[in-house]
Amino acid sequence: MRILAVLAVLPTVSAADTCRDELADILGADLTANGPYIATNTNQVNGIQQVYRQLFLTDTHYLVETLQPEGLPDTLTYDGGAWQRDGTGGWELIRRFDIDETVDGVAAQRAALADGVASASCEGDVIEGVVGETRWFGPELHVRYVLHPETRSVQEFTFDFTVNGAEILAHFVIEAAPGLELPAPSDR
């Protein structure tokens with residue numbers, strides 16, 4: 001009888017581990033690995049809504065358009081620089097940064113999220129979970145991913161967390177954009 005009781009529990013543990021592993025894999029992955037994409041990002045920060053359209057070729061070449069609040073300039077990140085539209089159809093460099101540090105920082109964030117998965121549950125194409133404390137997302141991050149039923153690619157996701165007293169709910173809807181092209185300005 002004891003053997004049957006142990007065997008009855010094993011598939012549940014295995015399914016939970018599989019779900020946790022899948023969530024860790026998603027959190028640790030580069031969404032541009034499957035090609036360029038466009039994300040519509042809606043944030044609620046202490047009850048105030050912000051909406052962005054983010055166009056990603058890579059982690060180091062992307063454009064962020066602010067849809068709400070209106071009137072904020074677009075920001076293009078490329079070649080170790082942040083650029084804004086200059087009003088004449090071109091781009092003006094607003095700051096430089098070390099691209100290697102940026103790449104290392106993004107990799108560290110992904111690794112911390114993947115390693116920090118505290119719990120996960122899977123139901124069909126939805127994976128939800130909790131990530132323990134990180135320096136980016138405070139003491140606890142609640143995540144929810146909706147995956148494409150066949151490819152298991154991310155279709156949308158939500159991050160819910162509190163950092164420095166600010167309650168933040170960030171929701172992203174992802175669209176593949178295989179033909180996406182972005183400007184490549186130069187200050188040289």
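Modeller: A definition to start with: a disulfide is a pair of cysteine sulfur atoms within 2.5 Å. Keep in mind that this is a predicted model.

Colleague: OK. How many disulfides does a search of the whole structure find?
Modeller: The search finds one. Cys-19 and Cys-122 form the disulfide, and their sulfur atoms are 2.0 Å apart.

Colleague: Which parts does the pair tie together?
Modeller: Cys-19 is in helix α1, residues 2–27, and Cys-122 is in strand β7, residues 117–123. The pair therefore links parts that are 103 residues apart in sequence.

Colleague: And what is the handedness of the disulfide?
Modeller: The disulfide is right-handed, because the torsion about the S-S bond of Cys-19 and Cys-122 is about 100°.

Colleague: Is Cys-19 buried or exposed?
Modeller: Cys-19 counts as buried because its relative accessibility is 4%, and buried means under 20%.

Colleague: What about Cys-122?
Modeller: Cys-122 has 37% relative accessibility, so it counts as partly exposed.

Colleague: Changing topic. Which peptide bond is cis, the one into Pro-69 or some other?
Modeller: The bond from Gln-68 to Pro-69 is cis, and its omega is near 5°.

Colleague: Where is Pro-69 found?
Modeller: Pro-69 sits in the loop between β3 (61–68) and β4 (75–78).

Colleague: Now backbone angles. What is the phi of Asn-46?
Modeller: Asn-46 has a positive phi of about 50°, although it is not a glycine. Asn-46 is placed in the loop between β1 (37–45) and β2 (48–58).

Colleague: And what is the phi of Asn-164?
Modeller: Asn-164 also has a positive phi of about 50°, and it is not a glycine either. The loop that holds Asn-164 is between β10 (154–163) and β11 (166–176).

Colleague: Last topic, charge. Which residues gather in a patch of negative charge?
Modeller: The patch on the surface is made of Asp-98, Asp-100, Glu-101 and Asp-104.

Colleague: Where is Asp-104 placed?
Modeller: Asp-104 lies in helix α2, residues 99–115.

Colleague: Why does Asp-104 count as exposed?
Modeller: Because its relative accessibility is 52%, and exposed means over 50%.

Terms used
Residues numbered from 1 in each chain as written. Predicted model: local features only at pLDDT ≥ 70, side-chain atom pairs only at ≥ 80, totals over all residues. Heavy atoms only, no water. Patch = residues over 30% accessible without salt bridge, like charges linked within 9 Å, V, L, I, M, F, W, Y side chains within 5 Å. Areas by Shrake-Rupley, 256 points an atom, 1.4 Å probe, with all protein chains shown as cover. Salt bridge = Lys/Arg side-chain N within 4 Å of Asp/Glu carboxyl O. Lys, Arg positive; Asp, Glu negative; His and termini not counted. Charge placed at Lys NZ, Arg CZ, Asp CG, Glu CD. Helix = DSSP H or I, 4+ residues; strand = E, 2+ residues; numbered from the N terminus. Buried < 20%, exposed > 50% of the residue type's maximum accessible area, 1.4 Å probe, protein only.
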